[in-house]
Amino acid sequence: MTDTTIPVKINPCHNMTVDEIRELILYHLRFSIAQVQSLATTEDWRKAVSHVVNDLLIQRMISTQSAHQQHDARRVYYLSLEYLMGRLLDNNLYNADIHDKVVSALDELGVDYDTLREDENDMGLGNGGLGRLAACFLDSMATLDLPSIGYGIRYEFGLFRQEFINGYQVEHPDNWLRFGNVWEIIRPEYSQTIPVYGEVQSEFDDTGRYRSKWINTRKIVGVPYDVPIAGYGTETVNFLRLWEARASEDLDLDVFNRGGYVEAVYEKNMSEVISKVLYPNDSTENGKELRLVQQYFFVACSLRDIIRRFKREHSNWSVFPEKATIQLNDTHPAVAVPELMRILHDEEDLSWDDAWGIVTQTFAYTNHTLLPEALERWSVPLFGKILPRHLQIVFEINKHHLKEVAAKWPGDQQKLRDLSLVEEGDVKHLRMAHLSVISSYSVNGVAALHTELLKRHLFSDFNELFPGRINNKTNGITPRRWLLACNPEFADLITEKIGSEWPRDLTQMEKLEPFADDEEFCTRFMDIKFRNKEKLAAIIEKDCGITVDPHALFDVQIKRLHEYKRQHLNLMHILYLYRRLLQEPDFDIAPRVFIFGAKAAPGYELAKTIIKSINAIGKVINNDERIHGKLKVVFLPNYRISLAERIIPAADLSEQISTAGKEASGTGNMKLSLNGALTIGTLDGANIEIKDVVGDENIFIFGKTVEEVEALWKQGYNPHDIVEENPMIKTLLEWIGSDYFTPGEHNVMLSVKQSLTDHGDPYLVLADFNDYVRAQHEVDIAYKDPKGWARKAVLNAARVGMFSSDRTISEYNNDIWKLDPVTVTEIA
């Protein structure tokens with residue numbers, strides 16, 4: 001086809017031929033991108049292909065919403081402040097079942113699909129496991145034909161783009177929307193106007209009742225953008241609705257005409273900053289204020305949208321909980337509780353008891369953390385400044401709640417203090433986790449241990465007050481992205497051996513178990529792993545300038561940088577091996593590449609120092625010829641979903657080494673195991689359940705258990721005792737605290753040493769170090785037996801089928817949401 005040939009528009013459907021897809025690509029290249037073949041860039045081709053997929057998805061989305069409306073379906077509304085979506089092209093092609101045809105069509109056009117795929121930006125809507133879990137859940141809800149809508153914020157900038165300068169993390173804006181987002185559909189007709197600030201005035205209404213009225217507010221407009229979410233092996237396409245903040249008036253023309261050009265757009269700028277950045281730094285009062293406004297903005301817009309949809313078919317509020325259930329993904333959306341109360345009581349004129357009855361039948365809450373400092377608290381003065389009416393409502397909720405507490409524990413003042421929604425102090429704070437628990441009909445943890453600890457410690461009194469409310473829903477991952485799309489060679493091998501049903505039913509993977517003793521299969525599996533390692537080695541060479549050997553053991557720790565995740569424990573082991581290699585030239589270890597990927601919160605100085613320490617120590621080790629390349633240390637910059645999709649299929653060893661009792665679940669452990677990496681980990685989070693299914697002989701467990709951790713703190717833990725009793729640990733700490741690895745920079749790494757000694761080693765790095773070294777020695781021995789390692793790797797992949805997010809969502813639905821799946825038929 002020449003540049004002057006006019007392509008014909010074809011009606012998209014799932015059974016399109018390669019020729020028809022090629023014609024559609026050319027059609028969109030010309031009429032959607034306004035480009036001709038001879039001048040088309042990689043970006044042009046990618047957008048044209050994306051439009052082809054979108055044609056198909058939008059058609060299915062319309063059919064899906066029509067089916068849901070016809071069935072008057074009960075829906076789940078998933079409220080999450082973040083969605084770590086990654087790139088969508090590859091995933092959408094697989095879920096739309098046209099991946100191979102598109103690749104063939106592009107091949108005929110002389111366009112390399114892999115190059116085109118790499119051109120897409122990751123969507124900057126999330127940060128860590130919370131956001132990635134939400135993305136997996138959306139995929140599974142659609143795959144299981146569950147009527148659902150996700151709600152979030154359309155951040156203009158993601159968390160940040162990470163760069164290393166002299167080993168230090170430097171943050172740059174993640175302008176992921178710079179070239180637009182082909183997957184989104186703007187819906188201005190569903191915009192919502194949201195009030196904030198102002199004051200509360202009490203007055204008599206026209207029926208003689210004394211009412212509270214929220215007045216003199218500032219208005220913010222929320223404009224929705226929809227992103228289609230395609231299910232796999234089904235016609236269902238749900239959507240994620242993201243809110244962008246805009247001013248109610250873009251320009252004060254009077255001020256502008258008087259020469260106040262900056263002042264004329266002040267209101268616009270102040271409103272639009274709400275959806276500018278994911279997680280603004282809240283170390284300042286302005287940052288805290290912005291985060292609270294951000295949270296209220298997104299839940300208020302979402303609730304109004306949910307109510308708009310409900311009122312389209314219903315007028316009786318008593319049936320609202322029958323048609324809508326709202327899942328709070330952690331405490332970020334918890335302000336939805338007083339907002340729904342305000343709407344029902346103030347705007348819809350329901351009695352307090354009727355309104356509260358609806359609220360408590362509508363919300364369900366997922367807890368994601370056991371760390372007290374991670375449970376959201378808002379100062380009463382700040383909350384009252386931004387949401388004065390909501391503060392009154394929370395106080396009223398608390399008054400009713402404490403009556404219930406007093407009835408359960410008469411005369412127990414400590415129980416009243418512990419369970420109050422208001423934390424007393426010089427400055428009072430609202431406890432958003434407490435609010436979430438008392439207002440929800442279901443509260444769930446995300447791994448068996450995590451849920452047990454919620455019941456035993458964090459929410460023990462609530463568990464007694466509301467027996468049966470707290471339940472477990474172990475997290476899961478979507479196999480479509482985390483195996484089918486990211487590891488296609490292994491996926492093809494699996495399909496060849498056990499059939500093509502496994503992406504929809506991951507328990508089918510257990511059929512691979514017999515192949516763990518099949519030499520030919522294991523050889524093919526390890527060959528695929530090696531090719532994945534070669535691809536990752538090329539990325540490391542390109543991004544880090546470090547040459548690594550794919551034959552070496554690839555030891556991977558990829559997760560948010562936090563002390564409890566203990567990247568510095570990993571670092572101490574690296575130093576241990578390095579020192580032994582220097583002092584014992586005959587020390588026999590399998591060559592190993594330590595691969596890190598992590599971002600530290602901009603205000604988290606110790607985490608940023610740990611990053612600097614890993615980079616500084618790695619630079620010395622990587623250039624020390626005395627160890628003959630037996631160790632390499634790589635810290636890949638700007639960790640993100642698309643990078644994880646390259647690291648995970650190449651990993652040999654998965655580092656899941658958090659302090660027992662600190663990690664709620666973890667999902668990286670599941671992704672790595674599914675792709676045939678062996679886990680070294682503590683008995684924490686979902687590691688316990690992984691151990692139970694893969695078998696003790698196919699995982700490397702170390703460290704103190706939760707019970708041992710509790711006992712250690714109770715008896716009095718002093719890291720200095722360990723230092724004095726263990727010369728090796730003492731030497732390693734002194735090495736870290738010296739300037740050996742940072743010549744010309746004084747005391748750069750000293751704070752890492754001090755955190756492990758003078759500051760009490762809060763995450764028990766030193767207490768677990770010796771056992772970690774022992775487990776790592778077992779890893780080394782195992783890796784030197786290639787056949788034995790291959791068998792363990794295959795069994796890991798074969799036995800982790802229960803960790804599909806489809807299973808998790810089925811449990812949410814069966815036990816909590818109770819939705820009826822709706823089958824969608826394709827429009828001819």
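**Reading the labels**

Tutor: Start with N166. At 48% relative accessibility, N166 counts as partly exposed. Keep in mind that this is a predicted model.

Student: Why is N166 called partly exposed?

Tutor: Exposed needs over 50%, and buried needs under 20%. N166 has 48%, so the label is partly exposed.

Student: Where is N166 found?

Tutor: In the loop between β3 (161-165) and β4 (168-172).

Student: Which other residue has a positive phi although it is not a glycine?

Tutor: D145, with a phi of about 60°. D145 sits in the loop between α6 (129-143) and β2 (148-153).

Student: What makes D145 count as buried?

Tutor: The cut-off for buried is under 20%. D145 has 14% relative accessibility, so D145 counts as buried.

Student: How do you know whether E520 is buried, partly exposed or exposed?

Tutor: Its relative accessible area is 40%. E520 belongs to helix α22 (residues 519-544).

Student: How far apart are E520 and N487?

Tutor: They are 33 residues apart in sequence. In space the distance is 19 Å, C-alpha to C-alpha.

Student: What makes L643 buried?

Tutor: L643 has 5% relative accessibility, and buried means under 20%, so L643 counts as buried. L643 lies in helix α25 (residues 641-647).

Student: Which residues does L643 touch, not counting residues up to four places away in sequence?

Tutor: I539, L636, P637 and N638. A touch here means heavy atoms within 4.5 Å. As for D114, it is 529 residues from L643 along the chain, and their C-alpha atoms are separated by 14 Å.

Student: Why are α12 and α15 called roughly perpendicular?

Tutor: Helix α12 (residues 336-347) and helix α15 (residues 388-408) pack at an angle of about 95°. Roughly perpendicular covers 65 to 115 degrees. The angle falls in that range, so the label is roughly perpendicular. The axes are 9 Å apart.

Student: Which residues make the contact?

Tutor: From α12 come V337, P338, E339, M341, R342, H345 and D346. From α15 come R389, H390, I393, V394 and I397. The contact of α12 with α15 divides into 6 nonpolar, 2 polar and 4 charged residues.

Student: What is in the largest nonpolar core?

Tutor: It has 274 residues. I25, F383 and M572 have the most contacts inside it. Helix α10 (residues 285-311) gives the largest share of this core, 12 residues.

Student: Which residues does M572 touch, not counting residues up to four places away in sequence?

Tutor: I729, L732, L733, I736, L756, V765, L766 and F769.

Student: How many helices and strands does the protein chain have?

Tutor: The protein chain has 34 helices and 23 strands.

Student: What makes the protein chain as compact as a globular protein of that length?

Tutor: The globule rule gives 28 Å for 828 residues. The radius of gyration of the protein chain is 28 Å, close to that value, so the chain is as compact as a globular protein of that length.

Student: What share of the residues is buried?

Tutor: Buried residues make up 60% of the 828 residues in the protein chain.

Technical notes
Residues numbered from 1 in each chain as written. Predicted model: local features only at pLDDT ≥ 70, side-chain atom pairs only at ≥ 80, totals over all residues. Heavy atoms only, no water. Core = buried A, V, L, I, M, F, W, Y, C linked by side-chain atoms within 4.5 Å. Buried < 20%, exposed > 50% of the residue type's maximum accessible area, 1.4 Å probe, protein only. Helix = DSSP H or I, 4+ residues; strand = E, 2+ residues; numbered from the N terminus. Axes fitted to C-alpha atoms, helices over the stretch in contact; angles between N-to-C directions. Parallel < 35°, antiparallel > 145°, perpendicular 65-115°, else oblique. Nonpolar A, V, L, I, M, F, W, Y, C, P; charged D, E, K, R; others polar. Rg over C-alpha atoms; globule rule 2.2 N^0.38 Å.
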